[in-house]
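Here is a brisk report on one protein chain. The sequence and the model come first, and the text follows.

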Amino acid sequence: MDAFINHKFSFPISVINKAGRLCCALLFLLISSTAGAKEPVLIGIDAEFGLQNSTSAQAIELGARTAIEEINAAGGVLGGRQLQLVKRDNRSIPARGVQNLQELAAMPDLVAVLGGRFSPVILEQLPLIKS
């Protein structure tokens with residue numbers, strides 16, 4: 001335990017400050033833009049559901065659905081809004097993963113996207129994620 005407490009991270013303060021300001025701004029926008037609305041808050045998942053010998057996408061989905069069910073049963077988020085999972089299958093094809101991410105990003109109530117374990121898809125999505 002002490003090894004974790006004494007570990008020093010080498011993140012520049014400017015990066016931490018920018019990330020903190022971005023998180024606060026996004027939270028403010030999310031809360032202010034959804035005041036009074038009862039539409040579900042969307043969480044996307046883009047993973048390789050079509051692979052026959054892999055169950056990692058299904059495991060990620062199961063974990064997300066379990067958490068969403070628990071949160072919704074406890075009253076949801078942001079004044080009672082329910083969470084809803086939006087699923088996309090990239091079939092381990094990088095171009096399809098980019099297309100899926102573009103579709104998910106266009107959804108107005110989407111607040112997060114979970115990814116699968118297939119690195120080529122994630123690597124191809126990185127420029128879009130960063131923009």
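Buried means under 20% relative accessible area, exposed means over 50%, and partly exposed covers what lies in between (1.4 Å probe, protein chains only). By this scale leucine 78 is partly exposed, because its relative accessibility is 31%. This is a predicted model: local features need pLDDT of at least 70, side-chain atom pairs count only at pLDDT 80 or more, and totals for chains, interfaces and linings use all residues. Residues are numbered from 1 along each chain as its sequence is written, and side-chain values use heavy atoms, with hydrogens and water left out.

**Overall layout**

The protein chain has five helices and three strands. Helices (H or I, at least four residues) and strands (E, at least two) are DSSP runs, numbered from the N terminus. Their order along the sequence is α-α-β-α-β-α-β-α. Of the 131 residues in the protein chain, 26% are buried.

The accessible surface of the protein chain is about 8,900 Å². Carbon and sulfur atoms supply 63% of that surface. Areas come from the Shrake-Rupley method with a 1.4 Å probe; for residues, only the protein chains shown count as cover.

A contact means heavy atoms within 4.5 Å. Among contacts between residues at least 6 apart in sequence, 73% join residues at least 24 apart.

**Two positive phi angles**

Leucine 78 is not a glycine, yet its phi is positive, at about 50°. Leucine 78 sits in the loop between helix 3 (56-73) and strand 2 (83-89). Arginine 91 is not a glycine either, and has a positive phi of about 55°. Its place is the loop between strand 2 and helix 4 (94-105). Arginine 91 counts as partly exposed because its relative accessibility is 48%.

Serine 92 is also found in the loop between strand 2 and helix 4. Is serine 92 buried or exposed? Serine 92 counts as buried, at 13% relative accessibility. Leaving out residues up to four places away in sequence, serine 92 touches Glu48, Leu51, Phe118 and Val121.

**Salt bridges**

Side chains of opposite charge can pair when their charged atoms come close. A salt bridge here is a side-chain nitrogen of Lys or Arg within 4 Å of a carboxyl oxygen of Asp or Glu. The count is four salt bridges.

| Arginine 65 | Glutamate 61 | 2.9 Å |

Take the pair in helix 3. Arginine 65 and glutamate 61 are four residues apart there, so about one helical turn separates them. Arginine 65 is partly exposed, with a relative accessible area of 36%. Glutamate 61 is buried, at 12%.

Arginine 81 is buried, at 0% relative accessibility. Aspartate 109 is partly exposed, at 24%.

**Rings and charge**

A charge sits over a ring if NZ of Lys or CZ of Arg is within 6 Å of the ring centre and within 35 degrees of the ring normal. Lysine 87 lies over the face of phenylalanine 49, 4.3 Å from the ring centre.

**A nonpolar surface patch**

Patches are made of residues with over 30% relative accessible area and no salt bridge: like charges are joined within 9 Å, and nonpolar side chains (Val, Leu, Ile, Met, Phe, Trp, Tyr) within 5 Å. Leu123, Leu126 and Ile129 form a nonpolar patch on the surface. Together they have about 270 Å² of accessible area. Leucine 123 lies in helix 5 (residues 119-130). Leucine 123 counts as exposed because its relative accessibility is 57%.
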